[in-house]
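Please read the following walk-through with the model open beside the text. The paragraphs take up surface charge and then helix packing.

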Amino acid sequence: MLLFLIRRLILIIPVLLGLLLLTFLMLRLGGNDPAAAIAGDNATPEMIERIREDLGLNDPLPVQFWDYLVRAAHGDFGVSAYSQRPVGIDILDRLPATLELTIVALVLASVLGITFGALAGIWRNSIFDHTVRVVSVAGLATASFWFAIMLQLVFSMGLEILPLRGRLPTGWTPPPDITGLYLVDSLVTGQFATFWYAFLHLVMPAVTISLGGIATIARFTRSAVVAAMHSEYAAYEQAVGYPRRRILMPYVLRNSLVTPVTQIGLLFGAFVSSAVAVESVFDWPGLGSYLVEAIFTSDFNAVLAVTLVIGAIYGVVNILVDMTQGLLDPRVAETM
Amino acid sequence: MSDDILSVRDLKLSVKGDAGLAQILDHVDFAVKPGEVMGLVGESGCGKSTLIRTILGLPPKGARIDSGTVAFRGRNLLDPKEAQQIRGREIGFIPQDPFQAFNPVFTVGAQILEILRWSGLPDDPKGARYDKSLRARHKARLIEVLRAVQIPDPEEALDRYPHQFSGGQRQRILIAGALATRPSLILADEPTTALDVTTQMQILRLLRELAADYNVAMLFVTHDFGVVAQICDRVSVMYAGQTVETGTTPQIIDGPRHPYTGMLMACHPERSTEITGIPGQVSSPLTPPPGCRFAPRCPRATEACTSARPGLLNSRDGRQLACVHEEEFA
Ligand SMILES: Nc1ncnc2c1ncn2[C@@H]1O[C@H](COP(=O)(O)OP(=O)(O)OP(=O)(O)O)[C@@H](O)[C@H]1O
Ligand SMILES: [Mg+2]
């Protein structure tokens, strides 16, 4: 298991290098000049040329990429053209907001998706099952930014029960920075009002991001549960006198989790990309909205570093998923 | 008669499906005595598994009992509540396919202990809660039966997963699961068909020994007369959901009297030099022929065969037989 972990962690490195190279090339060949972005609107051509020289933008591309890698390996991701601060600091500021949002969305998608899917499978062809199916199809077909705006219209502007944007009410002091996750930090320091507000602010963006995930996980769980209930082992368990509820829980259910858990790992990628749009709609101060700003302002250093961080998170999440599968299925564990 | 451990009388069962009403069992009738191994023989699709599940109180979904009784020591197995009390506890079960019968993500120990948990042992303290000490009792019993089915190192085997055992070993563990609760009857649905020939032989020998050692009666489903000869005291032959002939193993094997029994036995490669087979096809349970269901394929069929279903009559030599042509000998 430990060897598996180390091997998988090492394997992330070439993936990240490839991802960086691809992003780097697209940015450089895209035609936008980062030097102009840094210099600002009133810069003279000489100033821009000097910045180009300073940044090494006149070097051959391979040299530039190599220099970037060397600096990045030392933790130096350059300065953001937009915020004028080190990109690393910007990311550290923004990462917890995105982590909190995607983790809550992932938990929401897993819990709801597995619950709805399992019940739909157990009560196959019931009204509940049909409802879950119809809602799933709708959920998968819904564009997340559209859904986000609808939520805002109904719950913020119409009913006024959920806040429109941000992580906390304007002017509210954030909890002490322990993990950067407001829910956790406010809870451990006993600031329950802050916790409640942080929670309210999370609801709509998290629901928006998890929407497609709930649907996917529910569908995979349902078919796994149906297959398991019609399996030979379920028939055997019945024949030797297990009570029905025992067959369902844990025997059928545990077996049915293996497939949806794989899906959860794959979904995380979709979650992060959906977070980019959703964070902008909800003004969520995370990496997604940072990335959007960075792209619009040709802030190359920021784009590269965010890509790197998102890629690394994706890799780690998938290792975690594989390890969960190992816990669920001994046959998988043996291959680790 | 009343000393039968299991009696199936006149059982008629049909299932309503999309294609119509399937008359799967039509007057199945036989009994098993304590300690005896009863074979249940018939071609694929004749309703053997359906019968076994019905005896366990688990008829197929949408099934209707049109007539008949199924009783375990006089207790009604067609009553779901009663059957739930009996299966696992007093009737053990050995499935057909040891590769499919285990849940792959739980240890074999957990799965067999679960049987003991819900069925208990006859000598468990009355009304005891399922706690550590009861579980330890069950575990000790399980290790004992695992040893009896010759699983090496049974303590360690409990913590292993199904895929870590060979098919033969898995079937041994399932046999242990059937024996663990000290049932007086075991239903075995073709327990060796999924195994290779050598393993089949070993499992059969083991089952024969265990049935004798534990004095447990067994209803043994097979379509193989070679297996019948090896292990069964008596045998009941089914064709397309009807019981056609029941007798002692020597009676049936050495002197089959129902035309179907004889033809089925002739199909067995070890008993004939050429592959004969029975001409024609088994009728569909959706459109069973009237009267004797074998009549359309039977060389001796006459008008009498299709006018009414021949009753299962006691023959003078002690066997039961459902054939109008043999009735004069009864
Ligand atoms: N739920 C059901 N609805 C309708 N027909 C069914 C159903 N289950 C089984 N059958 C039919 O009932 C008949 C008996 O099936 P069963 O599985 O009991 O046969 P079997 O003797 O055990 O065969 P095998 O030797 O292949 O195991 C078959 O014709 C099958 O197609
Ligand atoms: Mg069968």
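In which helix of chain A does A:Asp54 lie? In this predicted model, A:Asp54 is found in helix H3 of chain A, and because its relative accessibility is 62%, above the 50% that marks an exposed residue, A:Asp54 counts as exposed. A:Asp54 also belongs to a patch of negative charge on the surface, in which it gathers with A:Glu49, A:Glu53, A:Asp59 and A:Asp67. Helix H3 of chain A, which covers residues 45-55, supplies the largest share of this negative patch, namely three residues.

Because the relative accessibility of B:Arg135 is 38%, a value between the 20% and 50% limits, B:Arg135 counts as partly exposed.

From the charged surface we can turn to buried residues. In helix H13 of chain A, which covers residues 287-296, the buried residues are A:Leu287, A:Gly288, A:Ser289, A:Tyr290, A:Leu291 and A:Ala294. Following the chain just past H13(A), the reader comes to A:Ser298, whose phi is positive, at about 50°.

Technical notes
Residues are numbered from 1 along each chain as its sequence is written. Chains are lettered from A and ligands numbered from 1 in the order in which they are written. This is a predicted model: local features need pLDDT of at least 70, side-chain atom pairs count only at pLDDT 80 or more; totals for chains, interfaces and linings use all residues. Side-chain values use heavy atoms; hydrogens and water are left out. Patches are made of residues with over 30% relative accessible area and no salt bridge: like charges are joined within 9 Å, nonpolar side chains (Val, Leu, Ile, Met, Phe, Trp, Tyr) within 5 Å. Accessible areas come from the Shrake-Rupley method with a 1.4 Å probe; for residues, only the protein chains shown count as cover. A salt bridge is a side-chain nitrogen of Lys or Arg within 4 Å of a carboxyl oxygen of Asp or Glu. Lys and Arg count as positive and Asp and Glu as negative; His and the chain ends are not counted. The place of a charge is taken as NZ of Lys, CZ of Arg, CG of Asp or CD of Glu. Helices (H or I, at least four residues) and strands (E, at least two) are DSSP runs, numbered from the N terminus. Buried means under 20% relative accessible area, exposed over 50%, partly exposed in between (1.4 Å probe, protein chains only).
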